[in-house]
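These are my notebook entries on what I looked up in the structure shown here.

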Amino acid sequence: MADIFSAAGTSGARDEQWAGEARSAVRCGAVLSALLLGVDTLSGQLTLWRCALWLGLGALLTVVLLPARVTATADRLTARGLWRARTVRTDLLVSVRCVGGVAQRLVLRDRLGGRVEIDPQVLVANPPLWLLLDDAARASERRGLLLCGTTALRTLARRVDGELAQSVFRISGLR
């Protein structure tokens, strides 16, 4: 248990599941391209432009499914997408909102105008990331900066605690 939390020290933390999710996105794009190419080949309609179209469609699916890479330090949270990185100063947070229905997103805004949008499941699955964000958000709240979002953070904290408890039970064989 101490190993989980020691990663949230001063050096920072990152989304440990990102590599697997990125591989899955690439696999999905490759499978789609292979299926479309296979259907065209079997029907005898495969041409160079259709091949390029199916490969492009597979690449587009990969880009759409590719998750942002989330990293955090004691005072920053960064989400790196394919073309840009967005950073928010977590020690200067002014709002935290949970938006969306099926695909929930956590939107963090800081006093300097920074804005990051991430999947809350990334924080639930990575306790070191959550600890860094939670500590910095509490500091923002103590300073009187965080005026909107304490409820969203408490809800997320319950989810993280529940997932961590389930992991402990699973590892110990109690579940």
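I counted two strands as paired if DSSP finds at least two bridges between them, and I took helices (H or I, at least four residues) and strands (E, at least two) as DSSP runs numbered from the N terminus. The model is predicted, with local features needing pLDDT of at least 70 and side-chain atom pairs counting only at pLDDT 80 or more, while totals for chains, interfaces and linings use all residues. Residues are numbered from 1 along each chain as its sequence is written, and side-chain values use heavy atoms, with hydrogens and water left out.

Entry on the hairpin. I found that strand β5 (residues 93–99) pairs with strand β6 (residues 105–110) in the antiparallel sense, over six bridges. Leu93 has Asp110 in β6 as its bridge partner. Five residues separate β5 and β6 in this hairpin, and Gly100 in the turn has a positive phi of about 100°.

Entry on the largest pocket. I took a pocket as an open set of points on a 1 Å grid over the protein atoms alone, where a 1.4 Å probe fits, with protein on both sides within 12 Å along at least five of seven lines; lining residues have an atom within 4 Å of a point. The largest pocket is lined by 24 residues, of which Leu66, Pro67, Ala68, Gly81 and Arg105 lie nearest its centre. The elements giving two or more residues to this lining are α3, β3 (76–80), β7 (115–118) and α4 (120–125), and α4 gives the most, with three residues.
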